[in-house]
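Thank you for making time this morning.

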Amino acid sequence: MENKDDEVKKAQVVEARARNISHNVRCTECGSQSIEDSQADIAILLRKLIRAEIRSGKSDKEIYKKLEEDYGETVLYAPKFDLQTAALWLSPLLVAGAAAGAWAYKKHRQKSNVHIMALDLVRGVPLTPKEKETMLDLLTPPPQGVTPSSLWSRLRGR
C-alpha cells in the first residue's frame with residue numbers, strides 16, 4: 001500500500017513539473033501557444049520528451065537548456081538576458097528617456113526664450129506680437145477659480 005502511494009505521489013510530482021515546464025515552452029509549429037495548450041504533433045512529442053527527462057532525474061534548468069539547445073532560444077517564452085537581447089529589452093527605456101530629454105530641452109528652451117524676451121524688454125527692444133502674448137500669459141495671475149487641470153494645461157503650454 002505504501003509503495004503504491006509513493007508511486008502515485010511521484011507521478012503527481014512528475015506531472016506537475018511537466019505541466020509547469022510545458023507552460024513556459026512555446027510550440028514551434030503554432031508559435032503563439034505553449035506546448036501544454038497546443039495539440040500539434042511537435043507539442044505532443046515535446047511534452048513526452050519533458051516527462052521522460054523528468055523521470056530520468058534531470059532538473060528543470062537542465063530540461064530548459066536541452067530544449068533551448070535543440071530548438072533555439074525562441075522556444076522559451078522568457079529568453080535569457082544577454083548582450084544580444086539587451087537592446088531589445090532596453091529599447092522602451094531608451095525611447096522613454098529620449099522623449100523625456102526632448103521634453104526637458106523644450107521646456108528649458110522655452111524658459112530661456114522668456115528670459116531673453118525679458119532682457120529685450122529691459123533693453124527697450126520691441127517684442128513681436130507672439131512674444132507679447134507669451135509674456136502676458138506668463139505674467140498674468142491665474143483667475144480665482146483655477147482647477148488643477150487648467151493649471152496642468154497651462155504648464156504644458158496650451
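Let me begin with E36, which sits in the loop between α1, residues 2-23, and α2, residues 41-55. Please bear in mind throughout that this is a predicted model. Is E36 buried or exposed? Its relative accessibility is 13%, and because the cut-off for buried is under 20%, E36 counts as buried. As for its partners, the side chain of E36 makes a polar contact of 2.8 Å with the side chain of R19. If we set aside residues up to four places away in sequence, E36 touches A18, R19, S22, H23 and R47.

Before going further, a word on confidence and on the overall layout. The average pLDDT of the protein is 81, and 87% of the residues score at least 70. Confidence is highest in α2, at a mean of 89, and lowest in helix α6, residues 148-155, where the mean is 63. The secondary structure comes to 6 helices and 0 strands, and of the 158 residues, 20% count as buried. Among contacts with a separation of 6 or more, 41% are between residues 24 or more positions apart.

I will now turn to α2 itself, the helix with the highest confidence. Its 15 residues, at 1.5 Å a residue, should span 21 Å, and the C-alpha atoms at its ends are 21 Å apart, which agrees with that expectation. Which residues of α2 are buried? They are A43, L46, R47, I50, R51, E53 and I54. Viewed down the helix axis, these buried residues fall within an arc of 160 degrees, so they line one face of α2. On the other side of the helix, D41, L45, K48 and R55 are exposed. Just after α2 comes G57, which takes a positive phi of about 100 degrees.

With the same exclusion of sequence neighbours, E53 is in contact with K58, I63 and K66.

The largest nonpolar core has 16 residues, and the ones that touch the most other members are I21, V25, I35, I50, I54, I63 and L67. Which helix gives the most? That is α2, with 4 residues. To take one member in detail, I50 touches A18, I21, S22, I35, I63 and L67, again not counting residues up to four places away in sequence.

To close where I started, A18 and S22 are among the residues touched by E36, and both are also touched by I50.

Methods
Residues numbered from 1 in each chain as written. Predicted model: local features only at pLDDT ≥ 70, side-chain atom pairs only at ≥ 80, totals over all residues. Heavy atoms only, no water. Helix = DSSP H or I, 4+ residues; strand = E, 2+ residues; numbered from the N terminus. Buried < 20%, exposed > 50% of the residue type's maximum accessible area, 1.4 Å probe, protein only. Polar contact = N/O pair within 3.5 Å; in protein donor to acceptor, adjacent residues only side chain to side chain. Contact = heavy atoms within 4.5 Å. pLDDT = per-residue confidence, 0-100. Core = buried A, V, L, I, M, F, W, Y, C linked by side-chain atoms within 4.5 Å. Expected span 1.5 Å × (residues − 1). Arc of directions from axis to C-beta.
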